[in-house]
Structure formats: C-alpha cells, structure tokens
Amino acid sequence: MANLNKKNKGVIDWIDYRLPIVSFLKHSAVDYPTPKNLNYWWNFGSLAGFFLLVQIITGIILSMHYTAHVDHAFDSIEHIMRNVNHGWLIRYIHMNGASFFFIVVYIHIFRGLYYGSYKAPRELLWWLGILILLLMMATAFMGYVLPWGQMSFWGATVITNLFSAIPFIGESITQWLWGGYSVDNPTLSRFYTLHFLLPFLIVGVVILHIVALHTHGSNNPLGIDKKGPQDTIPFHPFYTIKDLFGLSFVLTIFFTVVFFAPDYLGHPDNYVPADPLKTPAHIVPEWYFLPFYAILRAIPDKLGGVIAMFSAIFVLFLLPWLDTSKVRSATFRPIYKKLFWIFVLDALILGWVGSKPAEGIYIIISRLATLYYFVHFLILLPLLGKFEKNRPLPESIGKPVLAE
Amino acid sequence: MKNFIIIFLLFSYTLNLFSAEEALKPEQYNFSFSKPLGKINKNSAQRGLQVFIEVCASCHGLKHVAYRSLEELGYNKDQVNSIAAQFQIDDLPNEEGEILKRKAIYSDYFVEPYKNLNEAKTANNGAYPPDLSLMVKARKDGANYVRSLLLGYNEPPSGFDVGEGYYNKYMAGNVIAMPQPLYGDDVEFSDGTKATLEQEVNDLVTFLTWTSMPDLENRRAAGIKVIFFLLVMTILFYISYRKIWSELKT
Amino acid sequence: MSKKSKSKKKSRRSFIHQASGAMGIVAVSAAGWPLVDQMNPSKDVEALATIEVDISSLGEGESKTVLWRGKPLFIKHRSQEEIDDANNVNVKDLPDPENDEERVKNPKYLVLVGVCTHLGCVPASDKGEYKGWFCPCHGSHYDTSGRIRKGPAPKNLEIPPYTFKDERTILIG
C-alpha cells in the first residue's frame, strides 16, 4: 500500500470511507497476524481455496458446452474433447482438479488431526471444515454422473440405492431422488443443477470457515497460543509468498498429471456410454470415496453399512470432545503421535480394500480396518487424554527450543 | 511409522500383481506414442484407417470422429472428401419428407454401420459390436489391450466350452463374441508396406489411439512448455520466499 | 556490512521479486487465453461454414431460402424484367450506391444474406414498394437487387462470398 501515489490514495480512501473493502482486505489478508512458525503443512488451506476456484471457473466454462440429457450428455463431453477450442484442456483440468481438490483437503484435514487444530476455541472452525467436506463429496459425486458413462450411471445407481436402506420411507426417498423408478433423465438433470449450485454453497461455508479462523488466528505446529506480537508476523508478504511458492510447486505436479496422465485417476469404464442393461464387472467409486466405500461394504447389513459409512464422517464432528487431551500438537504427545500414523495407515488400508472386489481376504481386512477406525475415535482418543504423559510444552512460539 | 506406510504401499502393489483376473495382462508393445513424449506415427495411422474402413467398419462405428478431423493425420481436404464419399449417409428430409441417402462429406461424422442397437444385435448373434471411437481409452492399458486381443485368438484348451463365442486369452472370461477379424493380407497398403497380421494390428491400434485421443500430440507438446515454465516459476518463487523470510531472521 | 554491498544486495533482491512477479503475470495471462478462446466457434461449427446449394430446380422468378452459418440466405432466380428493374436506377440517388453488376456473379442469380441491415430481422420476399424485399420490423424496402431504397436500414443486403462450382451448384462460404 505504501507505494501508491498520493492521487490513488485519495481515490482509495474515498472508496474505503464508504465501503471498507480495502481496510477489510488489509486487515484479513495483509496485516493479519500469523504465527511465525507455520510449516509447509499449513499451505494446504490456501491450496484448497485455489482448487475450489479452479473447479468453479472450469466448471462454468464446461457448462457452456455440456448438455444435461441422457441422449446427449456423453456425446457433448466428446464434443468438448474434440471440437471446442482448448476443450480437452479445460475438461481434463476439471476432472483432475476434483482429485487434487480432495488430495489437498485430505492433507489439510490430517494436518488438523496431527496438530490438534480442532480443539478449543476452534471447534466450530472444524465443524465448518467437515461441512465443506460433505458438500464437496455431494458435489463430486453428482459431477461424476454428468458424463453419463458406465461408471457414472452405475455409481449413481449404487449410491442413490443407499437411501433405500432407510426403514419404511427408503423406497419413497430413492424414487424422489431419481424422479422416477431408476436413475434416468430426471436424475441427470437435477444432478446437473445441484452440481452447479453446491459449489457456491461451498464458497459460502468457506467464507464462514475463514471468519472463524481469523477470530482466534491459525493454530501452529507447537499447538500453543500466541502470547504477543513477538510470536506473529504479518500475513503479507511472509505467507503470501510462501503460499505462492507452494501453489507453484503443486501446480507443477498437477499439470504433469493433466498433460501426461489425464486419465490415470479416472476409470476406463467411464468412456463407455451408460447402459442400463449391463453392469460393469467391478464398480468402484472415484478414489477419494474408497475408504468410505470400504466401510460401507465391511458391514454385512444394508442399513448397518450405510449407518457406518455416514458415522465415519459424523464422528469427526464429535472429535473436539472425544479427544480429551488438553495438549494440541502431537509433537508433545508421544503416544498420540504413534496412533496418528496408525490411523493414517488405517485410512490408506481402507482406501486400498475399497478398490478391491468385496470377497475373501478383502472382506476381513476391511472389517478389521473399519473396526479400528471407530476404535481410534471412540475408545483410544478419549482414554489417551486421561493416561498420556505429554512432553513439556515450550513457553512461547518465540522460544520453542526449551523443551528439546 | 512412515516406513510402515511405505512398506504397505509396496505390499499393496505386489498384491495387485497377484490378484490378476482370469484374463491375461496385455503384452507390452513399444508404439510410437508409448513414451510420454511420443507422437502418433501418421503413416501408420493412415494405414490403420485403411484397415478400419476395409475390415472393421462393416460392423463397428466411429461415431465421435468427423471426417474433417482426418486432416490431422496428414490428408488434405480433397482426400478427406474422397474418403468420406465411400460412405452413404442419411440426407435431411427432402421436400416430400423422404429421407434419401447421399455421399458423406468433410463435415459429417463417420457413418454408423447399423441403424440402431437392435439391428446391430440381431446381425451379430445378440452381441453388438461396440463403437471404436474411444475403445483405447475405455479399456485399461487400451492400446496394448486391443493389440493383444487382436493377436490373441487361439484354439481353446481341451475341455473349455466357448459356446457361440471364440477363445481369446486376453478377453475377460476368455470368450469373445467377435470372430478373429484379421489374419494378415486382409488389405493391400498403398504405400507398399507388407500387410502382415502384426503390421495391420499395430497400424489399426495407432489409428484407434488417435481416434480416442486426438488431443494427444497437442497435449504433450503444450505440456512440456507448461511444466518447464512452472519449474522455473517454482524456483523463482522459492528464491523470493527465502529472501523475504531471511529479512525476518536478521 | 558496507553501505555499497547492502544496496547491491537490495537490488538483486528486488530483481528476483520482479522476475517472480513477471512469471506470475505471464502464468495468469497464459491461463486466461483458453478460457476466452473456448467461446470462439468450435471445429464442428467451422466445418459447416461452407455449403453447396443445388440451384438446378430453381425456375425463373422463384427463390429459395437456405440456412448458412445460422442465417437465412436468399437465392433468387431473377426474371429479365427484374434484372432490368435493378439496372434502371440512378445509382447516385441510392442511400448506399452500388451497381447491380457489382452485386452478382451471374445476373440471373442473386445471392443475398437475408438479414435486414437495420436490426437483424428477416425481410419478406417479393414485397414492398420496390418488388424486392420488405422488412416488417421497421419498414425497410429493398429492390430487386437487394439494395435499400426506403426505410431506416443504412446498407444494402449483404452478399455472401460464393462461387459457381458449375452451372447448377453454388458453393457458399
């Protein structure tokens, strides 16, 4: 702001006096005091925001060329890929952008788990984050239906059938979702509308997420509260440049996938047009749903599986109270640190069995991993807070070395 | 614990190898486009187009591909029009409302061999021949898969019942409804290349890879530039980042 | 640290930041182009930009309307009387002076883009005070050469690029 010449300053002051956008930005994105010790794991929040923006921009563009009708959806995607100028690029960015959005968000969540970012006074911040995850899942699921390939159709059929597990009203609910007696044109059409709408809801929740964040400021790797100005630095230029560096690095990986392996994260069956008469041999959801899909299939009962799957996310809402330890960061919690990595491993195992057919050894593995998932949250974490002896916490962010 | 995760990843990968389904994994072949920066061999794709038109097109469609896009394989507009003219396509209804046939032109899409799915099924014992526009993308390891499949017709092992189909070890379930389409010398290449079975198959797969991914060459060429640019930008941002943070420490 | 080396260091520092900033600007603008270009006519639309019209069945005095680039195209087989009408005009007095010869390749066939040059309506054939076309939207009168004679339209009806492929076929576009 200092470089602005006097005349500009006059105009900006004039606007800011009437509509304080400049001072708002200055307050929340320039001067915003940020702990000075954030590591690279704190880059993933802004990365998630970036990928949300990419998805919205490319999505609006794709919607200019896409046709949401069962007779034309698949062909209109091929029209985008073959005829529209740069259409293949925009579509591949949107396709892989969804995957990368989930990658950065999952890392962002695991960062929160490791450093205890969900603990007081950030419980609502955490809740808003989970809400964003749920909205993302709904959006991604409906987006995957739009190309109307085999996986789109059968994925939609399987997932919407989950609701038929609800006692008494399940059947009516699925028919209401479908707008018919199976996944068909009315379903595609409404999924398209909702796929367009939900991202803007996500933007709304993201704004709340940031408001909540800025109320008490970012958590930090030490997990201790900041004691004064010596512990913080202004967001700009220190974290803007760090975020830009991280963004550039991740974009390099992202575009390597987009340009050289654009279909690697997708499924070949989705290049086969939807056929309601023929189920593919092996239906798998997109990779980011696999852990939850594994939990769904681990329970031999239909309703039970659905409940377990949804509980796997809803248990996260309770996490701030299930974790009874007063210490936030795993750095000072020797046992929790181990449990955290076991939990990461458990999540990976769930993802892996989710991609396998539900038979033989895979069922046993998925049941054990599901069991552990809930044991981790419902038994280990509440007990651990009572018994674990944490390492001594440093006095302040400015002098963290005392404990070493 | 991090080592644990690495071991797990290796373990799950090896398990993947063992959990092979009943179909054989496709044989790996080094196509002109197999390497990350490889290109579509235009001569091979042109021969593949000939194989497609003279053999495959009687049963298989290519509905997402327009004749005009054949220009990308090195034909000029007149050549494209004469290729298109081999096909008859439904014209718009005339003044009496009748739909007559006309020769296909530049702007048309490849004419489909059957009027609809049911006609295709009836003509082929109930198994309709799939559209080939996206075949290479619609199968895992598509180019190698299609190649292996077309070369993979064998006598069934004794006691193996193929029903009304044919034995093919690369097909899931080992039974395929399509009889062996290529035997070698099915076409006569105008450029003098000898039409052995493997030559025909390789050329056809090159052509079908292009129909699946007409963006392939542009994508890879643009990709190299973008990645190079991003690498330089990442390094510059890193230096900027270090410089700005070094002020903090002093 | 001496003053000189300090200022040298500072200039190198700002050079790096400028280079980073320049890269960022290039990246953003390069990303912008595909987002803009995707709205330009796509390949399938461009391929339809050229059409062939068979005029063998068009009798004298008859006209035919075909669709070209989403717009109506009038092809009129003019009678001798109409051709004479088009020529017996004092060109200098017209709002948009043009000779009839400049507007046709073969005087018998007049090819016009059927879009009124006023605000884009489609004029009706064989209507109006000059026996050519009449635009019902705001009352523009065109003559048998498609020239504006009366009304608010500023220009004559546009002539599309075309050639006679042979005597019976016109290639438009």
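This is a predicted model: local features need pLDDT of at least 70, side-chain atom pairs count only at pLDDT 80 or more; totals for chains, interfaces and linings use all residues.

Residues are numbered from 1 along each chain as its sequence is written, chains are lettered from A and ligands numbered from 1 in the order in which they are written, and side-chain values use heavy atoms, with hydrogens and water left out.

**Cavities**

A search of the whole structure finds three cavities of 30 Å³ or more. A cavity here is a set of points, on a 1 Å grid over the protein atoms alone, where a 1.4 Å probe fits but cannot get out, and its lining residues have an atom within 4 Å of a point; the volume is the space filled by probe spheres set on the points, which are joined across faces, edges and corners.

| Cavity | Volume | Lining by class |
|---|---|---|
| Largest | About 50 Å³ | six nonpolar, two polar, one charged |

Around the largest cavity stand Ala294(A), Arg297(A), Ala298(A), Val353(A), Gly354(A), Ala358(A), Tyr362(A), Ile363(A) and Ser366(A). The elements that give two or more residues to this lining are α11 (290–298), α13 (334–354) and α14 (361–387) of chain A, where helices are DSSP runs of H or I with at least four residues, strands are runs of E with at least two, and both are numbered from the N terminus.

The second largest cavity is lined by Phe74(A), Ile77(A), Glu78(A), Arg91(A), Pro147(A), Asn270(A) and Tyr271(A). Helix α4 (residues 73–82) of chain A gives the most to that lining, with three residues.

**Chain C**

Chain C contains three helices and 10 strands, arranged along the sequence in the pattern α-α-β-β-β-α-β-β-β-β-β-β-β. Its radius of gyration, taken over C-alpha atoms, is 28 Å, well over the 16 Å that the globule rule (2.2 Å times the number of residues to the power 0.38) gives for 173 residues, so chain C is more spread out than a compact globule. The C-alpha trace of chain C spans about 100 × 35 × 25 Å along its principal axes.

Buried residues (under 20% relative accessible area, 1.4 Å probe, protein chains only) make up 37% of the 173 residues in chain C.

Conventions. On a 1 Å grid over the protein atoms alone, a cavity is a set of points where a 1.4 Å probe fits but cannot get out, and a pocket is an open set with protein on both sides within 12 Å along at least five of seven lines; lining residues have an atom within 4 Å of a point. Ala, Val, Leu, Ile, Met, Phe, Trp, Tyr, Cys and Pro count as nonpolar, Asp, Glu, Lys and Arg as charged, and the others, Gly among them, as polar. Buried means under 20% relative accessible area, exposed over 50%, partly exposed in between (1.4 Å probe, protein chains only).
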